[in-house]
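Dear colleague,

My notes on charged residues follow it.

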Amino acid sequence: MKRNIKKVAVLGSGVMGSRIAAHFAGIGLQALLLDIVPKDAAESTKPEERNKIVNDALMAAVKSNPSPVYTKDVVKRISTGNFTDNMKEIASYDWIIEVVVERLDIKQQIFTEVEKYRKPGTLISSNTSGIPIHLMAEGRSEDFKKHFCGTHFFNPPRYLRLLEIIPTPYTDPEIIHFLMHYGDLMLGKTTVLCKDTPAFIANRIGVYGIMSLFALIDKMGLTIDEVDALTGPIIGRPKSATFRTADVVGIDTLVKVAKGVYDNCPNDEARDTFVIPAWLQKMVDNNWLGDKTSQGFFKKMKGSGGEKEILTLDLKTFEYKPRQKAKFGSVEAAKPIDDLKVRLKALATGMDKAGDFYRQFHYGLFSYISHRIPEISDEIYRVDDAMMAGFGWEIGAFESWDVFGVEGTVKKMRDAGYSLAPWIEEMISSGAKTFYKVENGKRLYYDIPSRSYKPLPGGEAFIVMKNFENETVWKNSACRTYHLGNDVLGLEWYTKMGSIGGEVLEGINQSISLAENKFKGLVIANETPNFSAGANVGMIFMLALEQEYDELDMAIRLFQNTMMRARYSAVPVVVAPHALALGGACELSLHSDKVCAAAETYIGLVELGVGLIPGGGGTKEFVLRAADEMHEDEPETITLKNRFLTIATAKVATSAHEAFGLGILRKGLDEIVMNQGRRIAEAKKSVLELYDSGYVMQAQRKDIKVLGQSALGALYAGVNGMKVAGYATEHDSLVAKKLAYVMCGGDLSEPTLVSEQYLLDLEREAFLSLTGEKKSLERILSVLKSGKPVRN
């Protein structure tokens, strides 16, 4: 049966329900969001009173930060109502998702109502995080059972990529196949097939990990600040680490899941780990539940000077104290190591307290996951996928075990008294030494039943650059160029924050030249946490500080020429950004033949934030696009003004969808890829499509209409108005006027047609002049000290 999803009904408008509805609306579907009628409106006939709960919940979600929607107009696709008056409307919907309170009796009541109106064949699922799925299916019709399963989204649904799919014994396998594919392709999710076991996969492993850390606190005498320092980005985990994560999730929620595992998993060999420590129970009794009660493991206070201060709970005295910066010798030594796998190896061999902590923590984790196969999953990769997509781990648990060295770690674990599932010994005895390996650009996983390696599902749809290491065509210390097959090259770089310096520019130029000589085209992408935070501002700062203006001029020319090389090459160049794509990374995208951007791409020209203007062709490109967008039926200055404001306010698109509205992505040409893991394969596909359609290198433009003095005066007046009103400093005004001068084509007496090179020269001159400004250098230094990317 061919199944199309056009309309989705979400039953329950709490934190999860409202955000799930927003996510479906974000991909273009019509969503119906229902909830109960308020008690005080039971007799009312006014829709605004009867729908107050659902409407308030939706508005709260839309206003929340981070935003659950890609663009604000998404809300227009969401209609609201209540269970009493509007349940009948579900008859015309293609998928019904239950997201009400976690009580089986209430869910069963909802499903009874659903059965009255649901059209046969309609998908029906529950977003429960812990109630057994099969219990919810009991007593329902055969058609209901056939089309029913668990679909467990993680909060917030837009940003956490995990979607656990949990079938019952009655679920039609075709339904599961459809949802696994739909969730991946359309919702951008890592879909993980789970067994109907307590807490499914991610929460079972994740909560074990947190509870085991709680036990290590007592055993090793560690503090909250020390554990969070040890379990955050240093080991490829989120900044929220352990205790901050618990505060965000809710300590009561954590306790509930832990108790659920303890009560419902009598045969779990690590069951005692889920016993709630006395100090944790005391926190629940005190109603110190984390963010929802404004205090948990951490508490925000106002200091004596009115500044915000974060205090940490002392678990011995139960008093909040100033946070203490934790320092461990092995951790400090490992921090400069950029490669996560190399860093993990170094941390695991540390001879101090931190090294001991890492060994105990990982040995416990490895033991636990070995025993969960085949209880919660038959395949190891599903466990790793769930933890990476649901808990934000950069590297999965079994993959971490590979880094430690499976055979050697097993011996150490056995000597230390940790138990292992029998299949681990069987795997090693069979000659298999790793859980994963790469062959011919494909990643394989160890399949336990067959005792052999099998390809990970997805095949050509998921290209991972590093899997093509044996197909390296060219490299330097910052970049690698791979042959991705089908005569398409792929370039990636792995600098800090993806910064674009001389070596990355060399990589782009070399890769284009190689592609022109022997291949069909080039994909530019990477798989680091961020595509790129922009140009190497540290290099710019040093050259400007030392007044090496000739070298700085050469550096800017190189950047501009490289961007133009990407635009005007003999082969198609497709860029596939994700996460941060700022400054120079945005300029590279602007000059590519096509952009295949992940939905979660935050892209913009942010140079004004450090007192500069876009100097790598970004200003030129915005002028070019403004000229092409000018219409006879509106003032010519309107389009230019909008483009000017986008750069002058350093606007960053909060999604790839928003980037179209800012004019960074091009309608009808550039593409949004919902699943970040698919963007490189989509980019490769686009290269081949462009090549096969007869790609021809275009000539540089010489017909760009600039408005000169007719627009310059208006822009200057606007800048002066902002300064007078106190919205811009003297320096801000100077930078904005330099930008206006370039975007108007200089002080021309009348509108004129100019070339791209003319605009690039103006852009470069303005950029150079601003590097000599003290305020600009101060701003650059401030960004360098913060270690954070330039933002608006």
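In these notes, buried means under 20% relative accessible area, exposed means over 50%, and partly exposed lies in between (1.4 Å probe, protein chains only). This is a predicted model, in which local features need pLDDT of at least 70 and side-chain atom pairs count only at pLDDT 80 or more, while totals for chains, interfaces and linings use all residues. Residues are numbered from 1 along each chain as its sequence is written, and side-chain values use heavy atoms, with hydrogens and water left out.

The whole structure contains 48 salt bridges (a side-chain nitrogen of Lys or Arg within 4 Å of a carboxyl oxygen of Asp or Glu). Arg372 is buried, at a relative accessible area of 3%. One of its salt bridges is to Glu375, with the closest N and O atoms 2.8 Å apart; Glu375 is partly exposed, at 29% relative accessibility. Arg372 also forms a salt bridge with Asp268, at 3.8 Å between the closest N and O atoms. Because Arg372 lies in helix 16 (residues 353-372) and Asp268 in the loop between helix 12 (251-264) and helix 13 (278-285), this pair ties together parts 104 residues apart in sequence. Helices are DSSP runs (H or I, at least four residues), numbered from the N terminus.

A further salt bridge joins the side chains of Arg414 and Glu425 (2.8 Å, N to O). Arg414 belongs to helix 19 (residues 406-415) and Glu425 to helix 20 (residues 422-429), 11 residues apart. Both are partly exposed: Arg414 at 43% relative accessibility and Glu425 with a relative accessible area of 32%.

Notes. Helix = DSSP H or I, 4+ residues; strand = E, 2+ residues; numbered from the N terminus.
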